[in-house]
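Take a walk through this model, strand by strand and then helix by helix. Keep the structure open as you read.

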Amino acid sequence: MLAASMAVLCVPATELKAQETASKLYLNSSFVFPAGRYTSDPTFWIYGGQVTSTGGGNISNVPRIDVGMTDGSDYEKVNFMVVNANVHAKNILFKGCTIDVGSGARISFEDCIFDGVTFTLGSSVSTSSGAGDLFERYRGHLALKNSVLSQVQFQLRGSQNVVMGLTMDQCTVRGPAVLPMVLSRAGLLQDMKLAQTDVVGCSFTQCSYTAPFLAVTRDCVFDSCTLVPGVPLPDITTPLQLSASFYPPETSDQVTAQLTQYVVTPVGQEVSPGCSLTYSIAGGSVSRNELPLNLPARTITSVLPQAIAVNQPVRTPVTTTITNTTVPTSVVTRTPTSPFPTLPTFPTTSDTFSTAMVDARIVPQGGSPDTGLKLMQTSVHGLMILSLSGGEAGSASKIGAIALKGSAGQASSVQFNQPVGDMMTKALEEVVKFAQLTHGGWPRGYQIELSFADKYSKKDGPSAAVACALLLHSLVTGKDLDQAFAVTGDMNADGTVQPIGGVAAKIRGATKGHCKIVGIPSKNESALGDVLLTDGPAPFASIQIFSISHFREAEALALAEKPATTQIALAEMSRVQEVLLNNPSQMGALLRNQHVITKLQQVLKDTPNNLSAKYLLLYANGRVPTLLSLMGSLNAIDDASGALIAAIKADSDDAFDSIGPGSVGSIITRISNLRAKCDARIRPYADSIVDFGSIVKEVQERPAQTYAKKYEQRKRIYNAANLVRGELDRLMNDPQIREELER
């Protein structure tokens, strides 16, 4: 066993207004954790360096420490931060943990199970000097071998220039999961090679990934996965040969159609991707297929011979009262250190990830005690948003409802089985009111839990309201829901459907899933003009999109047994779509065929809210929008700005230093090409970002040699960033623009 000597540093807590104090826990010498079931502690730093009163100190010329974990142990909700250390683990269960791979970290996991774990990867150390000592000393690396990863997320630290060190060998990844969202840039593949990034023989199910991630895989299988659109890799001058299999089989053609630089060969039959562990999944949780060990329950602090604790200001407790139930929540207090103040956010009703997450339990007024539910579980797909460093990506994610029977006289409750934000809580309150009004009260004696397939990322926003209303309605009426249907939209207690944000991204996400019918709020229809302009007719030929203004319209589409008139119209439209998809390269010509036009006109006459038929007819008649909507323009510019807008928002004096020299030019080109398609009121904002990027590019190409010159260059960058801010302030303070954005 490794030596385990540690110095202790106790730092007195300072008095903070309206705040508590909590400790970061540091281990800065070699150690092996004994077997146990470890539970949550303060953020636990495995830190190979000196620890000071303010936290970790310099790690230069400090050898890495070695930390091991005894086989068969469990770690639940433990937040690991690893810096300048070698960490080894085999046959460990990690559940709901965060694992941050910091500078100089070398982490190796074998035969492990990861359930709802978030990994943070990436080093800002430059690779411009090649695989030199500095890069090799400070790069972080995560190695995963023969392991199961369920509902995990890989986050990248820093900007588009992040250097990711990741090895995955014979792993099984089950989703919904987010693989590293690596963005295309010059020199990326070489940098990933230097960082020893390699993914071999893995199986991925229901995962989201980017083209650069696919480029570093070999002999992998992608089942029901989503390719997030992005810029092609600029370094590929000859076709990139890849061995990969995609399921359903037709998705292989969809991938290669988007990635013309890639030549994909199916994985050979002699290869068996995925891990060899035996495991089970029940209720969304992963477990080992072996007898559980009789392990002692422990905390991290209880096993360390001595602890280094550094007090840090953290969250301020507040309370929120919902239907006479007081629930605690928390708000993070943070003081910005950047010369860039925080950018104002766009006014939108899109899903957001709030720091104030609420465990909401809503108690409806009871109806007749002998009134029961006709179904005890049901599910429907909701359209969700993934927030990425390079923009937004949509997906169709299953939302479920389970009813647990209690005593007949007990008050019923409706709640999410995970913390959610205030906006989502308020939306659920409206849904419950609607259900009570519709059914004349509420059956007593039931605890109803609503759950998202992705249980571990924060949820907020009102866009799941219609989906939740369908779930409750299904439980009460016993009517099954169509699993090929997906919906998004806020809803009032009277059943009227209200607009939400991110519709264009959600539509794109829906086309990559298994959903064939989609409902969106009627007031969000303008977003489809943006999709038609940027993506052409293909999304409308892939799914049937309907506008919904009231719950009853959503119900007609969502039921497994639909009204006869709805079913006939859906079947007729499906036949038209089948013709279009049989020859995608000739879709434009087919849409100008008079027989196809007549069919689409009949579909639209029978179902006036069939937006797929409506927008295919617009395309057929040459009436494609020439400009993006106001919100579409803002979103498009923000997405295209990538690392530039991220640098302006960052809270670091040298944030612009993290912008890769090879990326600025391509960002400027993207914004310049996009400008002509944007609403004219957004163009000055786009121009200010281009000006900011031009100054950053100039400084990168001609770096200053003196302190005075560096100060002058930095001042120019700050001034340009403030001009971007000023243009956005101008937009947000224009009453007409704000009103249009908030409709």
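The paragraphs below go from the strands to the helix pairs.

This is a predicted model, so local features need pLDDT of at least 70, side-chain atom pairs count only at pLDDT 80 or more, and totals for chains, interfaces and linings use all residues. Residues are numbered from 1 along each chain as its sequence is written, and side-chain values use heavy atoms, with hydrogens and water left out.

Start with the sheet. Its 8 strands run in the order β2-β7-β10-β13-β16-β19-β21-β23. The sheet is open, and the pairing is parallel. At its edges lie β2 (31–33) and β23 (217–218), each pairing on one side only. Strands here are DSSP runs of E with at least two residues, helices are runs of H or I with at least four, and both are numbered from the N terminus. Two strands pair if DSSP finds at least two bridges between them. Strands of a sheet pair through backbone hydrogen bonds, either parallel or antiparallel.

Look inside that sheet at β7 (residues 65–69) and β10 (residues 85–90). They are joined by 5 bridges in the parallel sense. Find D66; opposite this residue, in β10, stands N86.

Now move to strand β22 (residues 203–209). Of its 7 residues, 6 are buried, and the strand is mostly covered. Buried means under 20% relative accessible area, exposed means over 50%, and partly exposed lies in between (1.4 Å probe, protein chains only). Which strands pair with β22? One is β20 (residues 172–178), parallel to β22 and joined by 5 bridges. There, A177 faces C207 of β22. Another is β24 (residues 220–223), with 3 bridges, again parallel. F204 has F222 in β24 as its bridge partner. Strand β25 (residues 226–227) also pairs with β22 in the parallel sense, over 2 bridges. In that pairing, S208 stands opposite T226 of β25.

Further along is strand β40 (residues 446–452). This strand is largely enclosed by the rest of the structure, because 5 of its 7 residues are buried. Strand β38 (residues 413–416) runs parallel to β40, and 4 bridges join the two. F416 has L450 in β40 as its bridge partner.

Next come the helices. Helix α9 (residues 526–535) packs against helix α15 (residues 611–620) at an angle of about 45°, with the axes 11 Å apart. Axes are lines fitted to C-alpha atoms, for helices over the stretch in contact, and angles run from 0 to 180 degrees between N-to-C directions. The two helices α9 and α15 are therefore oblique to each other. Angles under 35 degrees count as roughly parallel, over 145 as roughly antiparallel, 65 to 115 as roughly perpendicular, and the rest as oblique. From α9, L528, G529 and L532 meet L611, Y615, L618 and Y619 of α15. Contact means heavy atoms within 4.5 Å. By class, this contact of α9 with α15 has 6 nonpolar, 1 polar and no charged residues. Nonpolar covers Ala, Val, Leu, Ile, Met, Phe, Trp, Tyr, Cys and Pro; charged covers Asp, Glu, Lys and Arg; the others, Gly among them, count as polar.

End with helices α16 (residues 630–649) and α17 (residues 661–675). Their axes lie 8 Å apart, and the packing angle is about 165°. That makes α16 roughly antiparallel to α17. A636, I637, A640, S641, A643 and L644 of α16 meet I667, R670, I671 and L674 of α17. The contact of α16 with α17 has 8 nonpolar, 1 polar and 1 charged residues.
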